[in-house]
Amino acid sequence: LSREYFSHFIVLNEGQNPAIEIEMALLDNRHQWLDTRRETILRANESLEFRPILHRPEGIYYILCQYKHIGSDTWNQTWLPLSLKRASKEGEVYVTPGELEFKFRLSTKEKIDIFLNKPK
């Protein structure tokens, strides 16, 4: 019997303008995506949940949220590092979040391609 446990992360738009093309991903320590979600719009003061599967080997992972504001062609990113460690109860993991890092006005090279087949 295989049990998969996951937690949830809240993405909140604290700005005054809507965010568009919101891309969320769970990344490994090499920044390869493991689990993803995409939304087209997140209005000001709205939130959404990202529930990646966290039943994975122990180690360092990242929650990445990248988005644009309406009327802008540049991407912004929020990074949340986290460590996963096996719990004493079989099938469960401890999630220890790190400090959020914000990156604004990214170049095309800095953006991570999470969804390769999305419309341009």
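Is Gly59 buried, partly exposed or exposed?

**View 1. Gly59 sits in strand β5 of the predicted model.** Gly59 counts as partly exposed, because its relative accessibility is 25%, a value between the 20% and 50% cut-offs. Beyond the neighbours within four places in sequence, Gly59 makes contact with Leu82, Ser83 and Leu84.

**View 2. The whole chain, for orientation, has eight strands and zero helices.** Followed along the sequence, the pattern reads β-β-β-β-β-β-β-β. The radius of gyration is 15 Å, close to the 14 Å that the globule rule gives for 120 residues, so the chain is as compact as a globular protein of that length. Along the principal axes, the C-alpha trace spans about 50 × 30 × 25 Å. Of the contacts with a separation of 6 or more, 60% are between residues 24 or more positions apart.

**View 3. The largest nonpolar core of the chain brings together 18 residues.** Look for Ile22, Met24 and Ile63, the residues with the most contacts inside this core. At least two core residues come from each of β1 (9-12), β2 (19-27), β4 (47-50), β5 (59-69) and β6 (75-86). There is also a second, separate core, made of six residues, and Leu27, Leu64, Trp79 and Ile114 are among them.

**View 4. Met24 is shown with its contacts from elsewhere in the sequence.** Setting aside neighbours within four places, the partners of Met24 include Val11, Leu48, Phe50, Leu64 and Cys65. Asp35, Thr36, Arg37 and Glu39 are also in contact with Met24.

**View 5. Thr78 lies in strand β6.** Thr78 counts as buried because its relative accessibility is 15%, which is under the 20% cut-off. Once neighbours within four places in sequence are left out, its contacts include Ile63, Leu64, Cys65 and Tyr67. Leu100, Glu101 and Phe102 are in contact with Thr78 as well.

**View 6. Glu21 and His31 each have a positive phi.** Most residues other than glycine have a negative phi, so both backbones deserve a friendly second look. Glu21 belongs to strand β2, and its phi is near 50°. For His31, phi is about 65°. His31 is placed in the loop between β2 and β3 (33-42), and counts as partly exposed because its relative accessibility is 35%.

**View 7. The surface of the chain exposes about 8,100 Å².** Carbon and sulfur atoms supply 48% of that area. How many positive and negative side chains does the chain have? There are 17 positive and 17 negative ones, and the centres of the two sets lie 3 Å apart. As for the interior, buried residues make up 34% of the 120 residues.

Conventions:
Residues are numbered from 1 along each chain as its sequence is written. This is a predicted model: local features need pLDDT of at least 70, side-chain atom pairs count only at pLDDT 80 or more; totals for chains, interfaces and linings use all residues. Side-chain values use heavy atoms; hydrogens and water are left out. A nonpolar core is a set of buried Ala, Val, Leu, Ile, Met, Phe, Trp, Tyr and Cys residues joined through side-chain atoms within 4.5 Å. Buried means under 20% relative accessible area, exposed over 50%, partly exposed in between (1.4 Å probe, protein chains only). Helices (H or I, at least four residues) and strands (E, at least two) are DSSP runs, numbered from the N terminus. Contact means heavy atoms within 4.5 Å. The radius of gyration is taken over C-alpha atoms; the globule rule is 2.2 Å times the number of residues to the power 0.38. Accessible areas come from the Shrake-Rupley method with a 1.4 Å probe; for residues, only the protein chains shown count as cover. Lys and Arg count as positive and Asp and Glu as negative; His and the chain ends are not counted. The place of a charge is taken as NZ of Lys, CZ of Arg, CG of Asp or CD of Glu.
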